[in-house]
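This report describes selected backbone and sheet features of the model shown below. Please consult the sequence and the structure alongside the text.

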Amino acid sequence: MMRLGKRRSARFYIAGLLALSVLSSGGTALAQSGDNDHGNGRDETVWHSLKKAYFGDREITDGDDVLSLDAPYRAEDPAVVPITITDKLGGTNNRRIDKLWLVIDNNPDPMSAVVEMGPAAENATLSTRVRVNSYTYMRVIAESSEGDLYMVKRFVKASGGCSAPVGRDPEKALEHMGEMRLREVRADQGDGERTQLMIRHPNITGLQMDQLTRLVYPAHFVNAITVMKGDKRVFDSQMTFSLSENPSIQFNVREGAPGNLTARVHDNKDNVFEQNWPMPASQTSVSDNKKTSS
Amino acid sequence: MRIKQFYGALSLVLASSAIAGGAQLSHAAASDNEAFSVVSIAPGVFYHAGAQAEANKLNHGDIANIGFIVGERCVAVIDTGGSPAVGHALQKAILGTTAKPVCYVINTHMHPDHVFGNSAFKRPGTTFVAAEHYSEGLAARARTYLDRMRSVLDLPASIDWIVMPDETVEETLELDLGNRKIRLHAWPTSHTNNDLTVFDEKTGTLWLGDLLFVDRVPALDGSITGWLGSVERLHDRTDVRYAVPGHGPPGSDWPRMLDPEIAYLTDIRGGVENALDEGRSLKWAEQHVALDGREDWLLFDDYHARNVSGAYTELEWQ
């Protein structure tokens with residue numbers, strides 16, 4: 001599958017399984033934190049298990065000088081929580097961020113995304129949208145080019161009412177599955193622009209209470225995205241259904257990197273969607289690139 | 001004109017009833033100085049006004065308008081409230097009004113404040129009816145909803161609270177309550193993807209479920225374009241004499257009572273389209289779009305940003 005190579009993706013999934021088994025043995029703690037909406041969920045138990053599974057004994061230091069994580073304290077819509085990871089090293093060649101892990105402690109599969117930046121990335125600044133199942137810590141671990149690990153975290157409260165961390169119109173998302181768009185968007189801070197890749201996909205969690213409907217809705221979600229600029233990688237990534245319906249990722253392409261921009265998207269049912277845009281993307285309007293799948 | 005009859009005696013019966021959870025419910029009611037009551041809005045059509053508030057321990061999830069229609073043969077219940085206690089209270093209200101059995105429980109959509117009283121009505125001879133996508137919608141959210149009910153209502157919400165329909169409506173369905181026909185209509189994705197309205201031909205009463213919010217800010221959990229399309233279609237209807245919204249007071253000022261909601265949703269759609277044209281982010285839109293409505297709507301800050309988020313993630317694909 002794709003450019004990631006089988007070996008690396010296999011390792012990712014083994015790690016994913018590990019995380020799940022860790023979770024089921026620590027299920028009581030998870031259930032308790034999920035049930036209590038009043039400030040609990042600030043429990044480090046899940047993270048300690050994940051840390052061991054993913055990073056072993058490696059030291060992880062406070063990352064405030066290296067990166068920041070912008071996430072709302074109150075998630076207005078738990079199905080679509082916009083987050084931004086800002087690379088404070090700025091992609092300089094001496095010392096840069098090479099890899100990011102996004103962990104949402106109290107989600108069903110906490111290891112939500114792993115992103116490896118490539119030479120066609122300007123920096124490791126990324127925005128995306130995630131689901132939040134309950135009050136939870138959200139954390140990003142960054143690996144520097146020197147092999148050091150840094151972490152930042154934010155506490156997020158999912159708001160109540162009738163909202164739930166599921167898509168509003170899964171049928172429509174399925175009908176258009178695989179459509180992609182590329183846009184240039186404004187960054188929230190500063191005057192900068194970013195490239196936004198949008199992917200139509202229901203990203204169904206598969207964690208519904210199927211016994212209620214006697215119908216089976218297995219998990220169906222995007223699990224890998226690779227973005228290339230010409231023959232150079234912008235990033236490789238793997239993810240779970242923690243990403244919202246119709247996944248969206250914003251990133252910075254290295255200025256002057258030659259060639260077209262290509263996105264390859266893989267889901268857990270082995271569907272592969274691929275699309276190619278002439279760049280610079282700022283000249284690519286939304287309406288220009290519907291269904292130009294290669 | 002709106003006919004109003006209050007059933008005070010009935011309320012007393014309810015307040016002293018010993019149904020499970022009933023004690024807490026009557027405490028809740030007592031705190032508002034008012035027990036569970038139903039009002040007749042037209043001959044044989046009864047409604048209970050839910051509180052214009054978020055669900056909490058005091059109101060027991062009694063925040064949506066619920067009610068029933070009485071035919072010569074049997075009764076159709078329309079939504080059952082936000083917890084089994086509310087459902088039981090409604091059931092008592094029905095028993096105090098008519099000896100006829102409940103043959104249908106109709107759910108206008110899958111939100112917990114409208115359906116978590118269902119279990120109070122589950123017995124042989126009662127058919128549960130909902131729109132086509134109700135079951136998937138509720139199943140996908142059930143875990144979240146039950147967790148939330150445990151923490152917000154402090155009740156042991158279990159899977160028994162979830163009652164799935166025996167019959168679903170793809171487009172329309174007519175039910176006969178005995179010399180009284182009610183017409184059910186399933187809508188394209190609007191407030192949710194399983195909105196169902198109920199029309200009582202005899203009195204011209206239209207139950208809109210959450211296709212209509214009055215005073216309380218609308219909550220978008222479906223499609224903004226779909227919802228606007230549906231209310232615009234409804235706006236053209238001339239056979240409606242009384243309208244019962246999912247939240248807020250019923251009325252006969254049809255179709256003008258739709259206008260504030262249409263204006264609000266239109267503002268959001270326009271504001272989000274502008275934000276998208278300018279390349280603004282989802283976060284920016286949540287913080288800037290259509291804030292003028294804050295003075296006009298109850299619970300604005302609890303729902304508005306989420307409504308914008310829902311509109312943004314839909315309209316960015318247009």
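Ala75(A) belongs to strand 3 of chain A, which comprises residues 74-75. The model is a predicted one, and the descriptions that follow should be read accordingly.

Within 10 Å of the C-beta position of Ala75(A) there are 27 other C-beta atoms. The cut-off for a buried residue is 20 or more such atoms, and Ala75(A) is therefore classed as buried. Arg131(A) is 56 residues away from Ala75(A) along the chain, and the C-alpha atoms of the two residues are separated by 9.3 Å.

## The antiparallel sheet of chain A

Chain A contains an open sheet of 6 strands with antiparallel pairing, arranged in the order 2-4-7-14-11-10. Its edges are formed by strand 2 (67-70) and strand 10 (180-186) of chain A, each of which pairs on one side only. From one strand to the next, the twist averages 20°.

Strand 14 of chain A covers residues 248-251, and its antiparallel pairing with strand 11 of chain A extends over 4 bridges. In one of the bridges, Thr195(A) has Phe251(A) of strand 14 of chain A as its partner. In general, the strands of a sheet are paired through backbone hydrogen bonds, in either a parallel or an antiparallel manner.

Asn203(A) has a phi near 45°, which is a positive value in a residue other than glycine. This residue is located in the loop of chain A that runs between strand 11 (193-199) and strand 12 (222-229). Asn203(A) is buried, because 29 other C-beta atoms lie within 10 Å.

In chain B, a positive phi is found at Ala290(B), again a residue other than glycine, with a value near 55°. Ala290(B) occupies the loop between helix 8 (282-288) and helix 9 (300-315) of chain B. Ala290(B) has 21 C-beta neighbours inside 10 Å and so counts as buried.

## A cis peptide bond in chain B

Which residues of chain B are joined by a cis peptide bond? The bond links Trp254(B) to Pro255(B), and its omega is about 0°. Pro255(B) is placed in a loop of chain B, between strand 12 (242-247) and helix 7 (259-277).

Notes. Residues numbered from 1 in each chain as written. Chains lettered and ligands numbered in written order. Predicted model: local features only at pLDDT ≥ 70, side-chain atom pairs only at ≥ 80, totals over all residues. Helix = DSSP H or I, 4+ residues; strand = E, 2+ residues; numbered from the N terminus. Buried ≥ 20, exposed ≤ 12 C-beta atoms within 10 Å, placed from the backbone. Pairing = 2+ DSSP bridges. Axes fitted to C-alpha atoms, helices over the stretch in contact; angles between N-to-C directions.
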